[in-house]
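Trainee: I should like to learn how to read the features of a protein model. May we look at one together?

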Amino acid sequence: LLRIEDTDTERNRPELTQNILDMLGWLGLRWDGEPVHQSERAALYAGAAERLLVAGRAYWCDCTAEATQARAKERGGPPGYDGFCRDRQLERGPTTALRFRTPDEGATTFDDIVRGQVAVENRTLEDFVLLRSSGTPTFLLANIVDDADMGITHVVRGEEHVNGTPKYLCLGDALGLAYRPVFAHLPVLVNEQRKKLSKRRDSVSVQAFRDEGYLPSAMVNYLALLGWGPKDGIEVRPLAEIQEQFRLEDVGSAPAFFDVKKLQHVNAEHLRALPVDQFLDESRPFLEHGDAIGVLRTVASLVQERVRLLSEVEPMIAFLLDAPLVVDDDAWTKTMVKGKAAPEMLRATIEALVGLEPWDADDIRGAIEGAAVTVGLVNAEGHAQLSKAQGPVRVATTGRTVGPPLFESLEALGKERTIARLRAASARL
RNA sequence: GCCCCGUUCUUCUAGCGGCCUAGGAAUCCGGCUUCUCAUGCCGGCAGCACGGGUUCGAAUCCCGUACGGGGUACCA
């Protein structure tokens, strides 16, 4: 049973919950339940609060946040509530909140799968709020009530909840609950400044990663590597194997930095491991041009090996699309203007390709090798130096200095377009 | 301030007293393969925060210091 809890009615945003569920679904977490609104469980929380009140473990408090802070400042130090209303015997009113009377003595301890035993002196626990003046329950109260009621077995959450756990446990004791889940507090993820990843400051939206073209399997694979490592050292692997090896007790407790570079590497490997058909399926949502998928099909495996993100697919095959060729300025300058043999190479290539039949990668290669020899781009043995010869042809036909293998690209491009582009480049030079 | 926790290469980690002159991965830098790029393969740079103990022996256990994180809400 997975529970995502948001008890604040005023800030309850269904679309946010839906978004979380969508992302969890994308990551592969199955979700069969229906969201439950806290109002449906109000009686449960109210009952618990009432029991605490009659047992003398809770009291009404009308201190405002400002008054609490002012007193703390006057005391000269520690912020937080000082128990001002503990024995004032206040009745419930429109501005009163219900506070829990934390134990003055003893200590609360609990075992945590990732952190070991954690112990806290009860006197350091302040009297926290159980019910807001609006009558709604706070996180801690709803938590213990729901966990016990729903029979939650494992509480797995971020390190930021460690400090709240003793309060939660004291509350459970006061309620007479014979309930104790297994705890696992995972380390937080930090940014380059070593601060906890925050929604406002950092780009942590799963949605954003999906839009950039990360595969969910790569995402989960990488996430598993933060705070944990497989015993056999094989980091990039199928999810099933990770499930087999992953143990909460092996997770470290130090904060980990979210390294996008490594995530990209993991993604590239997952992308390459895909069967070609599946690579095409995954690419489809990232293709904007209507003919892109058809074009991609002809060079899929060549592209698959060269991209780290699915968003890189279309740019890589842009020269094959039914659209005017865009020639990169730097590529043009570097290869055509500064490349001495460029004009000759283009002319010789056009000549060699015009009568070429059939139009396939091997024969195109042969023709271009011949052109290279013609213009003197040869090595000591008199063989064509393709590494130099292919440059001008590549820029003329694809507009860039890098891309999929040239001969296969030209085969996919077709004879007519290839020659037209070579002529256009030659004329421009 | 107070409470809880953490610290192995730049980063993510393996290591749980001798297999460690500390292993892997990402990044970066070389080389090979090669029609560019990418892949693949080979190699390189780089670390146990510091100081005390305990022990025949410490990255591993204990204490302290420094640094870092989390919490300290009528948010969750």
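**Reading helices and strands**

Mentor: Ten of the 13 residues of helix H16 are buried, so this helix is largely enclosed by the rest of the structure. Please keep in mind that the model is a predicted one.

Trainee: Which residues of H16 are buried, and against which helices do they pack?

Mentor: A general idea first: an α-helix has 3.6 residues a turn, so residues three or four places apart point the same way. In this case, the buried residues are Ala389, Gln390, Gly391, Pro392, Val393, Arg394, Val395, Ala396, Thr397 and Thr398. They pack against helices H13 (329-337), H14 (342-354), H15 (361-374), H17 (406-413) and H18 (415-428).

Trainee: What span should H16 have, and how far apart are its end C-alpha atoms?

Mentor: At 1.5 Å a residue, the 13 residues of H16 (residues 386-398) should span 18 Å, and the end C-alpha atoms are 17 Å apart, which agrees.

Trainee: At which residue does H16 bend, and what follows the helix?

Mentor: H16 bends at Pro392, by about 25 degrees. Gly399 follows the helix, with a positive phi near 85 degrees.

Trainee: How should I read strands? In what order do the three strands of the open sheet come?

Mentor: Strands of a sheet pair through backbone hydrogen bonds, either parallel or antiparallel. Here the order of the open sheet is E1-E2-E5, with antiparallel pairing. Strand E1 (58-61) and strand E5 (129-131) stand at the edges with a single partner strand each, so one side of each has no neighbour in the sheet. From one strand to the next, the twist averages 45 degrees.

Trainee: How many bridges pair E1 with E2?

Mentor: Four bridges pair E1 with strand E2 (residues 97-100) in the antiparallel sense. Trp60 stands opposite Leu98 in E2.

Trainee: In which sense, parallel or antiparallel, do E6 and E7 run?

Mentor: Strand E6 (residues 154-158) and strand E7 (residues 182-186) run parallel, joined by five bridges. Val155 stands opposite Phe183 in E7. Together with helix H5 (residues 165-174), E6 and E7 make a right-handed β-α-β unit.

Trainee: Finally, let us take a single residue. Is Ala224 buried, exposed or partly exposed?

Mentor: Ala224, in helix H7 (residues 216-224), has 19 other C-beta atoms within 10 Å. A residue counts as buried at 20 or more, so Ala224 is partly exposed. Leaving aside neighbours within four places in sequence, Ala224 is in contact with Ile242 and Phe246. The C-alpha atoms of Ala224 and Phe246 are separated by 8.1 Å, although these residues are 22 residues apart along the chain.

Note on methods:
Residues are numbered from 1 along each chain as its sequence is written. Chains are lettered from A and ligands numbered from 1 in the order in which they are written. This is a predicted model: local features need pLDDT of at least 70, side-chain atom pairs count only at pLDDT 80 or more; totals for chains, interfaces and linings use all residues. Helices (H or I, at least four residues) and strands (E, at least two) are DSSP runs, numbered from the N terminus. The expected span of a helix is 1.5 Å times one less than its number of residues. The bend at a residue is the angle between axes fitted to the seven residues ending there and the seven starting there. A residue is buried if 20 or more other C-beta atoms lie within 10 Å of its own, exposed if 12 or fewer, and partly exposed in between; C-beta atoms are placed from the backbone. Two residues are in contact if their C-beta atoms, placed from the backbone, lie within 7 Å. Two strands pair if DSSP finds at least two bridges between them. A crossover is right-handed if, with the strands pointing away from the viewer, the path from the first strand over the helix to the second runs clockwise. Axes are lines fitted to C-alpha atoms, for helices over the stretch in contact, and angles run from 0 to 180 degrees between N-to-C directions.
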